[in-house]
Amino acid sequence: MGPPGSGKGTQAQIVAEDPDWVWLSTGELFRLHARIGSELGRLAATYLDKGEYVPDDVTVQMVRQRMHEIPKETRILFDGFPRTVAQAQALDELLAEAGRKVGAVVLLDVPRDELTRRLTERAKSESRSDDDPNVIATRYDVYMKQTAPLIEHYEKRKLLRRVDGRGSREKVGSRMNKALKGTG
Ligand code: AMP
């Protein structure tokens, strides 16, 4: 987990270069559905474009479907999920059904001015409708309100590992790999 622009997608993809891991990004899945124009995609786009969260039931249902396609031995690196306390509870249930559990939660720590700078840069190279300056601000506020409470939730369960998300892709990548060593 981490605020928008903290490098979740970039780092998750580095970890998932290892075939023991599979990357599961709810944001990517929503964008994929939006591109193919499925019903779910059309619904999700109305939230993504505003920087708001897609409703929990819709999100959890999509994750459930995706999880069914992943072999039980493969470790899943969730990126951008769970984002609410309700999703964290749903995740525990989904994992329990599959005889799995959360091994660790990595929080990518990046100061706010750096986040804004990165997202503004990304707006020039990728065409994400939610990298518009107004939407960036909303996404940060939504994160603080709805997702930041998960930090304490996972800290209490001794699952949280903070990773300094400043610096190059490679530097952060090696901190990530260290943080994930020895996780269940
Ligand atoms: P991301 O690619 O993780 O930055 O996600 C992009 C957008 O997808 C978010 O701003 C939300 O609108 C939506 N989204 C992604 N993951 C979730 C989630 N777990 N719950 C609700 N909405 C999500």
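Helices and strands are taken here as DSSP runs, a helix having at least four residues and a strand at least two, and they are numbered from the N terminus. The model is predicted.

**The ligand and its shell**

Among these elements, α2 makes the greatest contribution to the shell around the ligand, with 4 residues. The shell counts 16 residues, and the closest are Thr26, Arg31, Glu52, Gly80 and Arg83. By class, the residues around the ligand are 5 nonpolar, 5 polar and 6 charged.

The ligand taken alone exposes 480 Å², and 97% of that is buried by the protein.

**The largest pocket**

Which space does the ligand take? The ligand takes the space of the largest pocket. The volume of the largest pocket is about 960 Å³. Its lining is made of 42 residues, and those nearest the centre of the pocket are Gly5, Lys8, Gly9, Arg122 and Arg128. Two or more lining residues come from each of the helices α1 (8–15), α2 (26–36), α3 (39–48), α6 (112–125), α7 (133–147) and α9 (169–180), and from the strand β1 (21–25). The lining of the largest pocket comprises 10 nonpolar, 18 polar and 14 charged residues.

**The second largest pocket**

The second largest pocket holds about 680 Å³ of space. It is lined by 36 residues, with Trp21, Ile76, Leu77, Phe78 and Ala104 closest to its centre. At least two lining residues each come from α1, β2 (75–79), α5 (85–97), β3 (105–109), α7 and α9. Which element supplies the largest share of this lining? In the second largest pocket that share belongs to β2, with 5 residues. The lining of the second largest pocket divides into 19 nonpolar, 9 polar and 8 charged residues.

**Elements in both linings**

The helices α1, α7 and α9 are listed for the largest pocket and again for the second largest pocket.

Note on methods:
Residues are numbered from 1 along each chain as its sequence is written. This is a predicted model: local features need pLDDT of at least 70, side-chain atom pairs count only at pLDDT 80 or more; totals for chains, interfaces and linings use all residues. Side-chain values use heavy atoms; hydrogens and water are left out. On a 1 Å grid over the protein atoms alone, a cavity is a set of points where a 1.4 Å probe fits but cannot get out, and a pocket is an open set with protein on both sides within 12 Å along at least five of seven lines; lining residues have an atom within 4 Å of a point. Grid points are joined across faces, edges and corners, and a volume is the space filled by probe spheres set on the points. Ala, Val, Leu, Ile, Met, Phe, Trp, Tyr, Cys and Pro count as nonpolar, Asp, Glu, Lys and Arg as charged, and the others, Gly among them, as polar. A residue is near a molecule or strand if one of its heavy atoms lies within 4 Å of it. Accessible areas come from the Shrake-Rupley method with a 1.4 Å probe; for residues, only the protein chains shown count as cover. A molecule sits in a cavity or pocket if more than half of its atoms lie within 2 Å of its grid points.
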